[in-house]
Amino acid sequence: MRRRLTLSIVAVTVLTLLGLGVPLGIAVQHSYLNSAVSQLQRQATEVLSEIALPLDPAALDELRNDHDAPPAAIYGSDGKRIAGAGPDEADAPVTAAMDGDSASVNN
C-alpha cells in the first residue's frame, strides 16, 4: 500500500512538472527569440538613420570605414553586397528582407 502511494505521488509530481515545465520552456524560448528580433530591428533602425538615401559614394566609403558601427551591409537589387560587413551574395535572410519580410526568416 505504501509503495503504491509513493509511486502515485511520484507520478503526479512528474506529470505536473512536465505539464508546467514544457510550456514554460516554450515561453522562455519565444521570449529570447523576440528579444533577439527586437535587438536586430533596433540595430537596423540605427544604421538606417545614419544612411542618407539615395546612397552616394561618400556615404558608402564612410560605411566601409566606420568600425564602431554595428555590423551591417547594403545590398543592391541584384543581391550583391555594395558596402558593409556581410556575405558577398545575399543569403536567405537578406533575400527575405528584400522581398519585404522584415519580421522573421525561417531557416
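Analyst: A salt bridge is counted here when a side-chain nitrogen of Lys or Arg lies within 4 Å of a carboxyl oxygen of Asp or Glu. The model is a predicted one, and a search of the whole structure finds 2 salt bridges.

Strand E1 covers residues 73–75 and strand E2 covers residues 81–84. The two strands run antiparallel and are joined by 3 bridges. Within this pairing, Tyr-75 stands opposite Arg-81 in E2. Together E1 and E2 form a hairpin, with 5 residues between them. In the turn, Gly-79 has a positive phi of about 90°. As a general point, side chains in a regular strand alternate between the two faces of the sheet.

The loop between E1 and E2 also holds Asp-78. This residue counts as exposed because its relative accessibility is 57%, and the cut-off for that class is over 50%. A polar atom of the Asp-78 side chain lies 3.1 Å from the backbone nitrogen of Lys-80. Asp-78 can also be placed relative to Ala-90: the two are 12 residues apart in sequence, while their C-alpha atoms are 8.6 Å apart in space.

Lys-80 takes part in a further contact, through its side chain. The side chains of Lys-80 and Glu-89 meet in a salt bridge, with a distance of 2.9 Å from N to O. Lys-80 has a relative accessible area of 43%, so it is partly exposed. Glu-89 is likewise partly exposed, because its relative accessibility is 43%.

The other pair brings us back to strand E2. Arg-81, the residue opposite Tyr-75, forms a salt bridge with Asp-88, and the closest N and O atoms of this pair are 2.4 Å apart. Arg-81 counts as partly exposed because its relative accessibility is 31%. Asp-88, at 51% relative accessibility, counts as exposed.

The picture can now be drawn together. The hairpin is built from E1 and E2. Lys-80 has a backbone nitrogen 3.1 Å from a polar side-chain atom of Asp-78, and its side chain meets that of Glu-89 in a salt bridge. Arg-81 in E2 stands opposite Tyr-75 and is joined by a salt bridge to Asp-88.

Key: Residues numbered from 1 in each chain as written. Predicted model: local features only at pLDDT ≥ 70, side-chain atom pairs only at ≥ 80, totals over all residues. Heavy atoms only, no water. Pairing = 2+ DSSP bridges. Helix = DSSP H or I, 4+ residues; strand = E, 2+ residues; numbered from the N terminus. Buried < 20%, exposed > 50% of the residue type's maximum accessible area, 1.4 Å probe, protein only. Polar contact = N/O pair within 3.5 Å; in protein donor to acceptor, adjacent residues only side chain to side chain.
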